[in-house]
Amino acid sequence: MMPETVARTFYIVGIGASAGGLEAFEQFFRHTHTDSGMAFVLVSHLNPGHASILTEILQRTTSMSVVEAQDQMAVMPNCVYVIPPNRDMAIFHGALQLSVPNQPRGQRMPIDAFLRSLAEDQNEKAIGIILSGTGTDGTLGLRAILGVGGATLVQEPASAKYDGMPNSAIQAGYATLVLPVEKMPNALLTGICAPKYLSEVASAASKMNHILMQLRRVTGHDFSQYKKSTLGRRIDLRMSLLEMKDREDYAHYLKEHPAEIIMLFKELLINVTKFFRDQEAFDALKQEILPQLMQSKPDDTVFRAWVAGCSTGEEAYSIAILLREFMDEANREFKILLYATDLDDDAIATARAGIYPPNIVQDVSPERLRRFFIKDDAGYHVRKDIRETIVFAIHNVIKDPPFAKLDLLSCRNLLIYLEPEVQNRLIQVFHYALKPNGVLFLSPTESIGRHPGLFMALNRKWKFYSAVDTSSSSRVLMSAGLVWAGNHHAKEPDETIGKTREPDFAELTKRVLLQSYAPASVLTDDKGTILYVHGDTGKYLRPAPGQATLNIVEMAREGLQSELRLALNKVKQDTPTSTTTPNQMVRVKINNGDLQIVHFSVRSLPTHESQRKFLLISFQDGVHPAPAKACRSKGSIAGHEELTYTKENLQAAIEEQQVSNEELQSTNEELQSTNEELETSKEELQSVNEELVTVNTELQAKIEQLSDIQNDMKNLLDNINVGTVFLDNHLHIKRYTREAVHLYRLVASDVGRPLSDIKSNIEGEDMLSNAQSVLDTLVPFELKVRTTGGAYYLARIQPYRTLDSMINGVVLTFSDISQLVRTQMAENEARELTIGIFDTIHELLIVLNDELQVVTASRSFYHYFQATEEGTIGRPIYELGQRQWDIPELRGMLENILPKNLAFEGYRVEQDFLGIGHRKLVLNARCLVGKSLNKPMILLAIDELA
């Protein structure tokens with residue numbers, strides 16, 4: 001069990017690798033300290049049907065515990081956990097969660113899945129590392145870790161065996177550091193995971209402000225209204241990588257190194273998103289919210305939406321896809337105008353390109369991938385019809401004016417990074433931007449805060465709110481000229497509400513007259529860029545498809561563009577400072593496809609700046625002309641009929657072309673379907689290839705290990721001088737050692753032949769029958785044998801057992817004991833000689849060991865004392881007879897002979913002995929030492945006194 005408080009006291013490092021990853025893993029752990037205080041979780045692309053030996057291989061490179069992960073296993077520091085084959089792995093409250101994969105083999109992204117869960121579970125204590133491998137797995141996982149304040153490391157592509165995964169992460173911009181593998185452990189210990197000493201002096205507001213000032217000076221963006229805890233954590237991370245401990249030093253460093261300011265700016269931007277993030281929330285949007293929004297809207301209406309803080313565009317595209325699906329299922333058609341904005345220009349560039357890595361398959365269903373994306377080698381491209389519904393733009397939601405008259409506003413996971421007062425102001429801004437009953441879509445961790453009167457909850461779980469039309473809303477304040485947050489003199493909306501002012505009747509009268517009688521107009525500069533809009537210009541202008549623009553010519557509706565361009569050029573070329581073109585009449589195609597007569601004029605405005613010219617373009621609806629009068633000339637009528645005939649022919653040609661286009665489109669879709677099937681097969685083959693590379697690497701390591709073991713065994717057998725013969729179950733020779741040739745006349749070509757075919761040098765013994773008996777009974781056999789050359793061997797026959805306890809033959813071993821046998825024979829001869837001498841002399845002799853036990857005695861001793869060998873040998877001398885020799889003084893003298901190498905002579909004993917009566921004896925004793933004796937002994941000689 002791992003309590004959450006314990007789990008967050010140490011860093012957990014998720015390491016992902018694919019092809020070529022084994023060498024990188026080994027190199028990483030060779031340079032990692034065993035007491036780093038971190039836990040390591042390894043995720044690799046493994047063959048689902050092949051048992052992995054990665055754990056066994058890595059255990060040889062580190063003394064840390066290396067184990068294969070098990071379900072619900074708690075992660076502990078200074079341990080290494082390896083993903084098992086055919087399993088997906090996640091982490092929850094510091095414990096590993098294993099599950100069976102439910103995705104096709106070629107679409108699995110196990111590294112991304114684990115790193116995402118690691119980011120959610122450990123927050124800033126999460127570290128992600130991507131090593132060698134092909135494909136893009138791990139890229140989105142690194143983005144999730146960066147989003148929660150964690151750190152990411154990527155192997156330097158030049159040092160990787162396969163650079164696909166490292167290059168994908170680097171090009172996406174999700175690598176905190178790019179290093180060779182051997183330098184990563186030191187970077188973790190001395191930089192990223194080093195103890196922080198920033199809690200006291202470096203937390204002063206002035207030092208933080210110095211850093212934020214440098215940011216604003218170079219980037220133009222003010223982060224002072226972001227949460228200080230978020231800013232501090234990300235600044236500390238950059239400082240730790242530079243091995244700095246004081247924020248004041250870091251502020252000076254930023255001043256001298258502008259490149260670091262850009263790095264910090266990118267670090268502070270929260271680019272964490274994915275397609276259909278919180279899938280249940282998007283299900284609620286499609287099934288509950290959109291039907292309510294669209295219920296009262298007529299077909300061909302414009303549905304306006306804004307995704308604030310869109311990052312790299314996944315959320316904007318998700319909403320566009322959902323709207324397209326809703327319209328198809330409801331059999332309705334709306335015009336979609338979706339704005340997606342973000343502060344990060346790089347993220348907006350990615351969003352505009354609409355190209356995403358293959359690992360989005362984890363978040364997008366196969367049906368949506370087929371319908372809304374095009375697959376190629378770069379990944380997945382968003383289809384053109386979805387891309388053209390979105391306008392991407394760089395926008396600072398805190399200080400720039402919002403989009404207005406919105407049906408839907410999505411701002412998810414942005415407010416949580418801002419200070420409460422900024423959140424409060426943005427909620428009011430969002431209310432202003434929405435139409436009455438328009439929907440605000442927040443993340444599950446965000447809310448409308450102190451403004452329940454501005455919104456009504458539609459779905460509290462997934463944070464959908466409907467804008468309430470209220471006279472006290474911020475909409476009124478905005479239209480009255482509220483200055484945005486970028487101005488430091490701006491007044492809070494609540495403050496503005498609280499103040500009462502005397503009405504300015506002149507201003508009020510002008511405003512009403514302008515709204516009622518002045519035509520819709522647009523103020524532009526001399527290049528046609530819109531600077532100000534008065535009135536409703538929706539009939540005449542609309543956002544241009546593609547990259548967002550404010551150029552009036554590009555935004556002009558069909559029928560207006562060419563005439564407007566000519567009028568603008570004419571006014572710009574005139575030299576007077578104030579010029580007006582006469583009213584011009586054009587036919588403009590409006591929303592429903594009808595033609596509307598429009599009058600417009602272009603007026604240059606006087607200005608004190610000689611280098612700038614401002615233009616005012618005014619629009620008014622015209623009246624359809626009356627039917628042609630009878631006085632119209634015949635030539636005009638004929639020309640009109642000719643034009644009508646030409647128009648009909650052109651329309652017919654257009655329709656034929658459209659049919660051809662539809663047929664080509666159908667063929668293209670069929671080819672696309674075939675291409676997608678081939679892509680799927682390619683992905684599966686790629687996945688199989690990666691798994692085979694991993695398996696091959698593991699097997700190569702196993703082969704090298706077995707080769708080392710075989711070399712060790714050869715040297716062992718060669719150096720112990722034991723003849724060994726390995727036989728299989730049929731008693732055929734499998735292998736033998738060089739010493740075995742002294743027992744059997746073996747040559748290298750005899751391997752595989754029956755042992756019975758080989759001439760034996762052993763005398764008398766049938767070793768084959770003994771071997772067969774051992775094979776049948778599994779009872780080891782041992783005996784002493786002699787060769788024809790006179791050598792002696794101790795032969796042992798034992799069953800050959802495999803690692804899984806299977807019997808696979810027998811092993812014959814022959815240990816040379818010739819020297820031992822000869823020594824024993826010499827000892828036996830010496831013993832027999834000694835016994836002969838003992839039995840020949842008449843003196844009473846007895847030999848004692850160090851425990852005063854009788855080892856041997858002369859025949860004259862047995863005869864004189866009427867004793868037997870059975871009652872004498874092995875017994876202590878003081879127990880012989882009726883303990884007549886149990887004399888304390890004699891016993892003490894005998895016990896001192898061996899330790900002190902003493903001797904005594906002429907010791908007299910007078911006792912009654914069993915069977916022979918009273919006797920007077922003289923004893924002489926000395927120590928016996930010799931090469932043939934294992935231990936010193938005592939020789940005791942006994943003589944009878946006359």
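1. Is Leu778 buried, partly exposed or exposed? Leu778 is partly exposed, since its relative accessible area is 33% (buried means under 20% relative accessible area, exposed over 50%, partly exposed in between, with a 1.4 Å probe and protein chains only). The residue sits in the loop between α24 (767–777) and β27 (781–786). Leu778 is not a glycine, yet its phi is positive, near 65°.

2. On the basis of the model: it is predicted, local features need pLDDT of at least 70, side-chain atom pairs count only at pLDDT 80 or more, and totals for chains, interfaces and linings use all residues. Residues are numbered from 1 along each chain as its sequence is written, and side-chain values use heavy atoms, with hydrogens and water left out.

3. The chain has 946 residues, of which 46% count as buried. Its secondary structure comprises 27 helices and 34 strands; these are DSSP runs numbered from the N terminus, helices being H or I of at least four residues and strands E of at least two. Of the contacts between residues at least 6 apart in sequence, 62% join residues at least 24 apart, where contact means heavy atoms within 4.5 Å.

4. Asn331 also has a positive phi, of about 55°, although it is not a glycine. Most residues other than glycine have a negative phi. Asn331 belongs to the loop between α13 (314–330) and β11 (335–342). With a relative accessible area of 70%, Asn331 is exposed.

5. Helix α12 covers residues 279–294, and its 16 residues should span 22 Å at 1.5 Å a residue; the end C-alpha atoms are 21 Å apart, which agrees. The expected span is 1.5 Å times one less than the number of residues.

6. Helices α4 (residues 110–122) and α5 (residues 139–147) have axes that come within 7 Å and cross at roughly 5°. Axes are lines fitted to C-alpha atoms, for helices over the stretch in contact, and angles run from 0 to 180 degrees between N-to-C directions. The two helices are therefore roughly parallel (under 35 degrees; over 145 is roughly antiparallel, 65 to 115 roughly perpendicular and the rest oblique). Among the residues making the contact are Leu115, Arg116 and Leu118 of α4 and Leu140, Leu142 and Ile145 of α5.

7. Helix α7 (residues 184–192) packs on helix α9 (residues 228–241) at an angle of about 125°, the axes being 8 Å apart. That makes α7 oblique to α9. Thr190, Gly191 and Ile192 of α7 meet Leu237, Ser240 and Leu241 of α9.

8. Ser466 is part of strand β19 (residues 464–467) and counts as buried at 6% relative accessibility. Leaving aside residues up to four places away in sequence, Ser466 touches Asn437, Gly438, Leu454, Phe455, Met456 and Leu458.

9. Ala404 lies in the loop between β15 (390–394) and β16 (406–410). Ala404 is partly exposed, at a relative accessible area of 28%. Leaving aside residues up to four places away in sequence, Ala404 touches Arg304 and Ala433. Ala404 and Trp306 are 98 residues apart in sequence, with 9.1 Å between their C-alpha atoms.
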